[in-house]
Amino acid sequence: RNLMPITYRIFQTLLLVTAISSNVNAQDRVTSVDARFLFLDESPSSYSIEGNSGYRVLSSYPYQVSPPVTFDPQERVDLYKSARKPERSTPSGKPISNEARYQKIGTATIPSNVSEVLVVVRKDSEDAGAYRLEYFSSDPREFPEGTVRVINLGRTPIAVGINRERALMAPGQQRIMSPTPDHKDRLIIRVAEEDKNTWNILYDSVAVLRTGKRMTGVIVYSPTGMRHTYTAYELREFGEPEPGHQWLTFTD
């Protein structure tokens with residue numbers, strides 16, 4: 001005689017749990033994704049995506065992080081590398097304007113489970129002519145305001161100190177750090193690389209992290225020592241820079 005009321009209560013409980021679960025899933029469902037792109041390539045080229053109105057430039061010089069671009073979840077985005085054709089002229093000597101040549105280098109598939117993502121595009125070490133893509137979630141649920149994300153895209157272990165926070169990362173790893181800025185929103189950042197059982201300082205300076213902002217620091221390896229950041233005078237005066245790791249940051 002008591003089975004029916006008990007069964008009914010169980011049924012009500014199951015309906016309630018299902019309704020709560022459906023509501024949570026609806027709130028967490030991603031409807032659009034903001035993607036930034038970072039191209040690890042030092043060739044004299046720019047990088048673009050193709051849209052309805054033509055090509056949209058994401059990066060025009062090496063190691064530039066693009067502004068956020070909004071896509072649909074699971075959208076496939078073709079990436080292009082463009083270089084200028086050599087200067088040409090007509091038989092009469094009249095110059096012909098340069099034209100950009102677009103070479104498709106890969107296709108990014110936008111994730112469906114995060115609202116923001118950093119897409120890193122770099123040369124494939126096993127195939128000189130190919131590129132490979134890596135995705136790093138920038139979803140605020142994992143990377144909240146007031147934190148610093150550090151990504152090691154270099155070749156050696158990296159140690160990072162931000163105020164009193166410390167982190168040690170192998171190549172390919174990332175870490176979300178929660179340092180406390182001082183009264184002027186300042187952070188003291190120190191970055192070092194491991195080299196033959198010793199540590200070499202790469203970066204030692206002060207950065208500002210405003211309230212409500214997030215900062216990303218990326219370790220990259222530059223074969224030219226970031227040559228493109230030097231002026232012709234500096235190259236003549238100091239010579240060619242040595243290859244090595246570099247510390248890049250951007251705030252959003």
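My entries below go from confidence to cores to strands.

**Ground rules.** I am reading a predicted model, where local features need pLDDT of at least 70, side-chain atom pairs count only at pLDDT 80 or more, and totals for chains, interfaces and linings use all residues. Residues are numbered from 1 along each chain as its sequence is written, and side-chain values use heavy atoms, with hydrogens and water left out.

**Confidence.** I began with pLDDT, the predictor's confidence in each residue, from 0 to 100. The chain averages 84, and 81% of the residues score at least 70. Where is confidence lowest, and where is it highest? Helix H1 (residues 3-28) has the lowest mean, 51, while strand E11 (residues 148-152) has the highest, 97. Helices (H or I, at least four residues) and strands (E, at least two) are DSSP runs, numbered from the N terminus. Over residues 19-27 the pLDDT falls below 50, and this stretch has zero contacts in the model beyond near neighbours in sequence. A contact here means heavy atoms within 4.5 Å. I made myself a note: where pLDDT is low, the predicted coordinates should not be read in detail.

**Cores.** Next I looked for nonpolar cores, which are sets of buried Ala, Val, Leu, Ile, Met, Phe, Trp, Tyr and Cys residues joined through side-chain atoms within 4.5 Å; buried means under 20% relative accessible area (1.4 Å probe, protein chains only). The largest core has 20 residues, and Phe37, Phe39, Phe71 and Leu79 touch the most other members. Strands that each supply at least two residues of this core include E1 (33-40), E5 (76-84) and E8 (100-109). E1 gives the largest share, four residues. I then picked out Phe71: not counting residues up to four places away in sequence, Phe71 touches Ser32, Val33, Ala35, Phe37, Ile49, Val77 and Ile110. A second, separate core of 16 residues includes Val148, Val150, Ile189 and Ala207.

**A hairpin.** Strands E15 (residues 186-195) and E16 (residues 198-208) pair in the antiparallel sense over 10 bridges; pairing needs at least two bridges found by DSSP. I found two residues between them in this hairpin, and Lys196 in the turn has a positive phi of about 55 degrees. Which residue in E16 is the bridge partner of Glu194? That partner is Trp199.

**An open sheet.** Last, I traced four strands in the order E14-E11-E17-E18, with mixed pairing. E14 (174-177) and E18 (244-251) stand at the edges with a single partner strand each, so one side of each lacks a neighbour in the sheet. E11 and E14 pair in the antiparallel sense over four bridges, and Arg149 stands opposite Ile176 in E14.

Key: Buried < 20%, exposed > 50% of the residue type's maximum accessible area, 1.4 Å probe, protein only.
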